[in-house]
Structures are given as C-alpha cells and as structure tokens.
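Please have the sequence and the structure at hand as you read.

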Amino acid sequence: MPLSKNDLDAILLTLELASLTTVLLLIIGTPIALWLARTDSWLKRPVGAIVALPLVLPPTVIGFYLLVSMGPNGFFGQLTQSLGLGTFTFSFTGLVIGSIFYSLPFVVQPLQNAFEAIGRGPLEAAATLRANPWDSFFSVVLPLARPGFITAAILAFAHTVGEFGVVLMIGGNIPGKTQVVSVQIYNHVETMNYAQAHWLAGGMVAFSFIILLALYGGRSARVRTL
Amino acid sequence: MFGFRKVKAPVVSDDGRIRARFVLQHADFRLDVNLDLPARGVSALFGHSGSGKTSCLRCFAGLERPQQGYLQVAGELWQDSQRGFFLPAHQRAIGYVFQDANLFPHLSVRGNLQYGQKRIPAAQRRVALDQALELLGIGHLLERMPAALSGGERQRVGIARALVTSPRLLLMDEPLASLDLKRKQEVLPYLQRLHEELDIPVLYVSHAPDEVARLADHLVLLDDGQVRASGPLKETLLRADLPFASDEGAEAVIDGEVCGHAAAYELLELRLPGSEARLRLPHAALPDGHPVRVKIKARDVSLSLQRAEGSSLLNLLPATVESWQALDAQMLLTLRLGEQRLLARITRYSFDQLGIHAGQALWAQIKSVSLLAP
Amino acid sequence: MHERDVPMIRTVQRSLLALALLFTGGVSADEVKVAVAANFTAPLQAIAPAFEKATGHKLVASFGATGQFYAQISNGAPFEVLLAADDTTPARLENEGATVPGSRFTYAIGSLVLWSADAAYLDGTDAALQAGQFRHLAIANPKAAPYGLAAMQVLDKLGLSEAVKGKLVEGQNITQAHQFVSTGNAELGFVALSQVYQDGKVGSGSAWIVPDAMYEPIRQDAVILRQGASNPAAAALVEYLQRAEAARVIESFGYKLP
C-alpha cells in the first residue's frame with residue numbers, strides 16, 4: 001500500500017480527533033439539547049439559531065473566525081494566554097475546539113428531536129413515582145432517547161472525519177498534530193501526487209459509506225421491531 | 001432547585017381532612033378552588049371538559065405550580081405559597097393514574113411496577129406488589145412490554161403502578177375515559193375493590209356521571225374553574241340548583257342490600273335501610289346481603305296518593321314529601337324513602353291537584369331503575 | 001533562459017502578438033479567463049481596469065494556488081491564461097501540450113520577505129530569526145508553493161532548518177501564510193514582499209527583506225493555455241503585461257522584472 005508514514009499518521013490523527021470530538025460533543029450537547037427541548041423561554045429561538053449556524057456557514061468562515069479569535073489578539077486567545085495556556089491555533093487542542101463548533105448542530109439537533117419526542121408524559125409519570133429530575137433523566141430520558149444518541153454520535157464522528165475547511169484555516173499542516181486526512185489529500189493534489197491522493201480519498205469514501213450503511217441499517221432495523 | 005434537597009413536609013394537626021386552595025392562571029383559563037375533603041374514601045371531581053378538573057388534580061400532584069397554593073393532606077403540609085413552601089411532585093407521597101396510563105415504553109410491566117416501589121424506603125412500603133397484582137388481576141402480564149397490552153390492561157397496570165408506591169393520596173385522572181365500554185366494565189370492578197379494600201383516599205376526576213355515582217363518596221362539582229358544590233355524594237346529587245337537575249338528568253342514588261331473588265322472573269329484590277319497602281329490578285341472582293347501588297331518574301318517578309292496584313309498575317314504594325323546587329314549568333320534589341332520598345318530577349298542575357305539602361305520605365311509582373353497582 | 005536572450009525574444013513575441021491583434025481586428029470586446037497566483041492578487045487587480053480601458057477587453061480572474069490550478073487545468077478547467085507563482089508549472093503544461101507554444105514568459109520575479117505583524121518585532125535584519133524566541137514561524141507549503149520552497153532555502157542557508165523544525169506552521173499557500181502572521185498566530189513568517197509592500201516600502205508591521213542571493217529566484221511565468229488560443233483577449237492580456245505601464249505597476253508592488 002503506497003501510504004507514507006505521514007499518511008498513516010494523518011489517519012490516526014483523524015480518528016483521534018473524531019473520537020475525542022464526539023465524546024466531548026455528547027457531553028456538551030446533551031444539556032443544550034435538553035434545555036432547547038424543554039424551555040419556553042424567548043431565548044429558545046436565538047439559541048437554536050446559533051447552534052444551527054455551523055450548518056449553513058462555510059467551514060472556512062468558521063475557521064477564519066476561529067483563527068482570529070484564538071490568536072493572541074482575539075477574545076479567546078487572550079483568555080487562554082491569561083490562563084497561561086498560550087494560544088490554541090496550530091495545535092490539536094485548537095482542532096478539537098474547532099471541530100466542536102463545526103459538528104455541534106449534528107449532535108444537538110438529533111438529541112433535541114429525541115428529547116422532544118419523549119414529551120412530558122414519561123417525565124411526569126416518573127415524578128409521580130418519586131424520581132427526582134436527575135434520576136428521571138438517567139432512568140427514563142436516556143433509555144428512551146437512545147436512538148437519538150446513537151445518531152448524534154455517528155453523525156459527529158463522520159462529520160469530523162470529513163472536516164477540511166476549519167482545519168485548513170487553523171491547522172498549519174503539522175504532521176502528527178494537525179495534519180488530518182482531508183488536508184493530507186489536499187496536499188497530495190497540490191503537489192501532484194495523485195496516486196497517494198487516490199489511496200487516501202478512496203479510503204475515506206469507503207469509510208464514510210460503511211458508517212452510513214451502519215447508521216441507516218440500524219435505524220430501519222429499529223423501526224421494524226416496533 | 002433541582003429537587004435534590006429532601007424537603008421535610010411540616011406537620012400540621014391531623015384532622016383527617018384534605019384542605020386545598022389553588023389559584024392557577026393560564027392564558028385563557030383561571031382555576032380558583034377552595035376545597036375541604038375527607039381524607040378517606042373516594043372524592044370525585046366532576047365537571048365537563050374545560051371545567052378545570054385535570055388542572056386541579058395536577059395541582060394536587062405538584063405537576064402544576066399555581067400562583068397561589070395551599071395544600072394540606074391529613075396532617076402534612078405540602079404547599080403554602082404564602083410561606084414560599086412547595087413540595088415538588090417527586091417528594092409528595094402520591095400515586096397518579098394518567099388518562100392514558102402513561103407506562104414507560106422501555107420497561108416491562110414488572111419494570112414499570114417496580115419503578116416507583118424501588119424509590120420508596122422499605123419501611124414505607126405498605127402496599128405489597130402481590131396485593132396490587134391481585135387487586136388488579138395483572139399477575140399474568142408481568143413480563144410483557146406495554147406495547148403488547150390492550151388498553152384496559154395498560155390502565156390496570158397504571159393503577160397498580162401508582163398503588164405500589166404506597167401513596168397517602170391516590171389521584172386518578174379520568175382513568176376510564178380512553179377505554180371502550182367493554183374495557184370500562186372490565187376495569188370498574190377493580191376500582192370498586194380498591195375503594196373497598198384499601199384505606200387510601202382517592203381523588204377521582206371524571207366527566208361520566210355513572211362512574212361518579214358508582215364510586216364516589218364525596219362529590220365536587222367544578223365549572224369553569226370554580227367549585228359549584230362540594231359535599232357527600234348523594235346529598236349533592238339531589239341539589240336542584242345544580243346542573244344535574246336541569247339537564248333532564250336529575251337522579252337519585254339509592255343503596256340497598258339483596259334480600260331475595262325470584263328466579264323465574266329474573267328479579268332481584270333489595271332491602272332499603274330504614275324502610276319496609278322493597279325495590280325490585282331485573283338482574284341475575286346475587287348473594288343475600290350483597291350491597292347494590294342503583295340510580296333512579298326523577299322523571300321516572302310519578303306520584304300517587306293511593307296505592308295503585310293492578311299496575312304494571314314493578315316498584316310502588318311508600319315515601320314522604322320533604323321539599324320541592326320549581327324547575328322550568330315543572331316541580332322537582334325531594335322525597336324521603338327510609339333513610340335515603342328520592343327525586344320526583346311532576347307538573348305544576350299535578351302538584352296543585354295532589355295538594356302537595358311537607359310531610360305528606362304518598363306512593364312513589366318508579367318506572368325504571370338503573371343498576372350502578374355491581 | 002539566459003538574460004541576454006530575453007529582450008530579443010520579448011521583441012519577437014511582441015511583434016507576433018501585435019500582428020495577431022491586427023489580423024483579428026481586435027475591436028470587439030472579448031472576455032479572458034485568467035488563473036492568477038494568489039500572491040499576484042493585488043497587482044493584477046490594479047492592472048485590470050487599465051487593461052480593460054486600453055484594450056476594451058474584459059478580464060475575469062480567479063485567484064488561488066498554482067498547484068490547484070494545474071490540477072484543474074489538466075482536467076479541463078476553462079482557463080485561458082495562467083499567471084503562475086513559479087516557472088515549473090507553466091513549463092510542465094507546455095511539455096504536456098496544454099499551452100500555446102511560444103507564449104510562455106516571465107511576468108514577474110518575486111521577492112521573499114520575513115515579516116511580522118508586530119512593528120517592533122523585526123529590525124530589518126534576521127536577528128529575531130536567529131534568536132529563535134518565537135513559538136511559530138509561518139511559511140507557505142514548500143512542496144506546493146515556490147515562496148515556501150524559497151523560505152526553506154533561506155533557512156538552510158542560515159543553518160536554522162533544524163532549529164525551527166518544531167515551530168514551523170505551513171499555510172496551504174502564501175496567502176494563508178500571510179494570514180497566520182497577520183492574525184498574530186505566528187509571530188513571524190516568510191511571505192511575498194508584494195503582500196506587505198505599500199507605496200514603495202513595507203506598509204505595516206516589521207520586516208527583513210531577504211537578500212536575493214539566499215534563494216533561487218522566484219520566477220513567475222505566464223502562459224496562454226490551449227483553450228485561449230483563439231481568444232484575442234488572451235493575447236491582448238499577455239501583450240499588455242509586458243508594456244511599460246504594466247511593468248511600473250508590477251514593480252510598485254515589490255516585484256522585480258526580468
């Protein structure tokens with residue numbers, strides 16, 4: 001297989017990035033989705049719109065604003081510097097942060113839908129059966145929202161694997177740190193190494209296909225047993 | 001805020017009453033009730049849809065938070081908005097039966113039943129799982145999933161689930177409303193047994209007069225978010241100033257005991273307390289002494305000064321006139337029948353013709369009797 | 001190509017083009033699609049109005065990475081003229097027969113500059129680079145951009161290649177390298193002089209203009225692509241770029257001329 005060390009590193013790095021992003025997003029996205037599903041506050045619509053922004057913004061726009069704000073002159077960059085953490089551009093941490101923004105709606109929206117589908121009923125039943133809100137979340141909401149969680153996790157993972165524009169803007173193409181598969185393919189094309197580009201790109205297509213097959217296969221299986 | 005802190009319900013004097021005051025304001029509806037109910041037996045919240053019965057019940061449960069609220073249940077204070085005290089739903093010792101059972105779809109029947117039971121300390125478990133299973137006849141359904149149950153079965157599981165938490169107050173929101181007639185007949189007896197065998201006070205919301213008449217001891221009439229009447233069942237039903245009377249539906253509820261059965265004619269004979277009279281109605285045999293509750297519509301009762309001979313009427317009972325009320329172009333009379341009361345609806349003409357006066361002894365001719373229970 | 005030959009060849013080219021223009025009677029307004037190296041963005045945008053006024057033709061320009069343009073052109077992109085950031089890509093296209101033979105010429109020679117957005121960081125020498133007190137040094141991808149390659153050559157010459165290894169961040173092209181520096185994410189970086197040149201000197205920040213001797217000249221060649229063979233506007237553009245007025249503009253942006 002004509003994959004260089006850089007290529008293999010890129011694949012590993014991409015998988016690391018996607019996994020970490022998925023886990024973090026599930027943790028961050030769940031309370032946001034819960035709030036959006038339950039609240040009656042006027043803030044619901046603007047927050048929902050902000051969460052959905054990465055769906056419509058070109059990734060390079062997200063990347064550009066991250067570049068500026070994470071830099072030493074930007075809001076976020078100044079915050080991290082004052083905490084002694086330096087700046088996050090050109091680092092894996094920066095990519096994780098970028099990916100979290102980039103894939104946020106792909107986690108929050110399926111979760112929000114799942115929570116809304118549960119409705120008030122089961123939660124009220126749980127309350128009348130002595131379950132406090134924390135308890136009813138783990139014993140009722142989570143099990144009933146399981147399909148939503150699975151969808152959210154798969155989407156976040158696959159979406160982050162395919163991330164390009166954001167990484168391009170803030171990555172700096174550092175092997176082993178920010179050189180992910182999508183950027184590496186771009187590099188190969190740029191330097192006219194088409195064979196290697198094919199290998200990597202083909203691999204990504206196969207991978208995405210398998211993921212989607214699993215996602216859709218799983219879904220229709222669930223529908224059948226209902 | 002998240003209901004973590006275990007709030008201790010302050011104890012007030014236990015006078016065996018449930019006192020509630022709720023003012024709940026929604027966009028286009030206002031609930032404003034003041035209730036004093038017995039902490040025993042079944043209290044029915046009756047009214048047509050939109051009258052606020054469910055909202056009221058939810059306030060009892062703590063599922064709604066009224067702007068003003070006071071709730072005291074047999075010596076425990078659950079809510080007092082003036083003192084800023086509110087016991088959240090999950091800390092109230094209630095059992096709630098929803099209109100559509102509301103079982104957890106991801107748990108089996110057993111899982112559903114044990115859900116609440118697990119969450120009360122062993123010391124407080126007074127209703128055993130077995131008892132609830134037997135009471136509701138659902139022992140054979142334990143391993144099934146809710147989706148595989150019929151409507152009636154689901155409702156019975158829902159009731160059992162609420163019971164198993166050994167609540168101090170059982171709240172039922174039109175539990176039979178979503179069932180067809182057959183299922184209703186199936187579940188009603190179980191509710192009756194609940195009433196008879198457990199000592200838990202029940203608040204029962206319904207818009208079906210027959211259910212209420214059959215099960216309730218205390219009746220609260222709600223209309224447009226306000227209490228129009230609250231009192232013991234039979235007395236309240238008799239009141240002529242209530243909607244009952246005017247929509248052709250004025251009726252009296254009579255309790256009796258079986259004292260005989262004429263097999264050849266399929267006629268059941270009932271003894272009425274405080275009266276020599278016997279009430280007869282077509283029914284299969286029942287054991288002697290078995291309690292029976294019937295209702296008799298006012299318009300099915302006509303009056304006669306003498307005992308009519310050779311009449312096809314099944315029931316001719318001696319009664320005394322107690323009071324009367326003018327109702328449109330007719331008169332609604334309240335008669336004493338032994339220890340109980342009967343309603344009769346006659347024309348003004350007849351009223352004058354018969355020379356009706358208080359204490360008058362006459363004969364009530366009852367055209368038809370409807371069985372409520374069993 | 002030897003420098004002696006260039007003026008001669010230039011004259012020949014110009015005559016040919018002038019003839020071509022005569023024959024096509026070139027008055028009807030045509031459109032020419034140009035692929036332009038990212039670093040030449042500003043100069044071309046300055047030249048465009050003058051070109052359009054002088055010839056009546058319209059200029060439609062796309063700016064980007066030369067390597068990307070190569071891939072697109074190889075796959076049939078409808079560009080008619082390529083203004084590359086290097087001389088190897090046009091040569092390659094020529095070898096592959098994708099160009100109008102004889103139309104290739106050097107339109108600008110790029111200058112490399114070490115630049116920082118911080119006006120106090122560099123003092124006109126390579127002192128700060130040698131000192132190595134920075135966290136990130138930005139360059140363009142040396143495999144894909146000639147300015148990046150030149151930057152590596154300079155670092156080699158200065159013996160700093162090993163020293164800066166962990167601090168190098170690569171932009172996909174010279175524009176991105178510039179972006180990294182201008183946002184402060186890299187304290188300094190090797191960019192094109194044309195990117196920071198204003199009114200004859202470095203506009204903002206601080207710089208060290210790298211001596212020519214330290215790197216291979218960044219010859220930027222232009223060529224008419226096969227698709228533009230019969231487009232009078234393409235020929236007109238190539239001709240215009242070699243005029244004195246165009247030369248003045250190009251130089252004013254910090255480029256040198258062959």
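Helices and strands here are DSSP runs numbered from the N terminus, with at least four residues (H or I) for a helix and at least two (E) for a strand. Counted in that way, chain B of this predicted model comes to nine helices and 21 strands. The radius of gyration of chain B is 23 Å, close to the 21 Å that the globule rule gives for 374 residues, so chain B is as compact as a globular protein of that length.

Chain C can be read alongside it. Its secondary structure holds 10 helices and 12 strands. A compact globule with 258 residues would have a radius of gyration near 18 Å, and the 19 Å of chain C agrees with that.

The table sets out some values for these two chains.

| Chain | Span along the principal axes | Buried residues | Contacts joining residues at least 24 apart, among those at least 6 apart in sequence |
|---|---|---|---|
| Chain B | about 70 × 50 × 35 Å | 39% of 374 residues | 68% |
| Chain C | roughly 60 × 35 × 35 Å | 48% of 258 residues | 80% |

**How the chains meet**

Which chains share the most contacts? Two pairs of chains are in contact, and of these it is chains A and B that share the most. Chains B and C, on the other hand, do not touch, and 43 Å lie between their nearest C-alpha atoms.

The contact between chains A and C takes 17 residues from chain C and 17 residues from chain A. On the side of chain C that touches chain A, α3 (66-74), β7 (168-171) and α7 (174-182) of chain C each supply at least two residues. Of the elements on that side, α3(C) gives the most, with four residues. By residue type, the side of chain C that touches chain A divides into six nonpolar, nine polar and two charged residues.

**Two domains in chain C**

Where does chain C divide? Domain 1 of chain C takes in 5-109 + 218-252, and domain 2 covers 112-209. The centres of domain 1 and domain 2 of chain C, taken over C-alpha atoms, are separated by 29 Å. The two domains meet through nine residues of domain 1 of chain C and 13 residues of domain 2 of chain C. On the domain 1 side of this contact in chain C, the residues divide into six nonpolar, two polar and one charged.

**A closer look at one helix of chain A**

To finish, please turn to helix α7 of chain A, residues 133-144. Which of its residues are buried? They are A:S136, A:S139, A:V140 and A:V141. Seen down the axis of α7(A), these buried residues fall within an arc of 155°, so they line one face of the helix. What covers the buried residues of α7(A)? The cover includes α5 (92-118) and α6 (121-128) of chain A. On the other side of α7(A), A:W134 and A:F138 are exposed.

Key: Residues numbered from 1 in each chain as written. Chains lettered and ligands numbered in written order. Predicted model: local features only at pLDDT ≥ 70, side-chain atom pairs only at ≥ 80, totals over all residues. Contact = placed C-beta atoms within 7 Å. Rg over C-alpha atoms; globule rule 2.2 N^0.38 Å. Buried ≥ 20, exposed ≤ 12 C-beta atoms within 10 Å, placed from the backbone. Arc of directions from axis to C-beta. Nonpolar A, V, L, I, M, F, W, Y, C, P; charged D, E, K, R; others polar. Domains from an automatic or database assignment.
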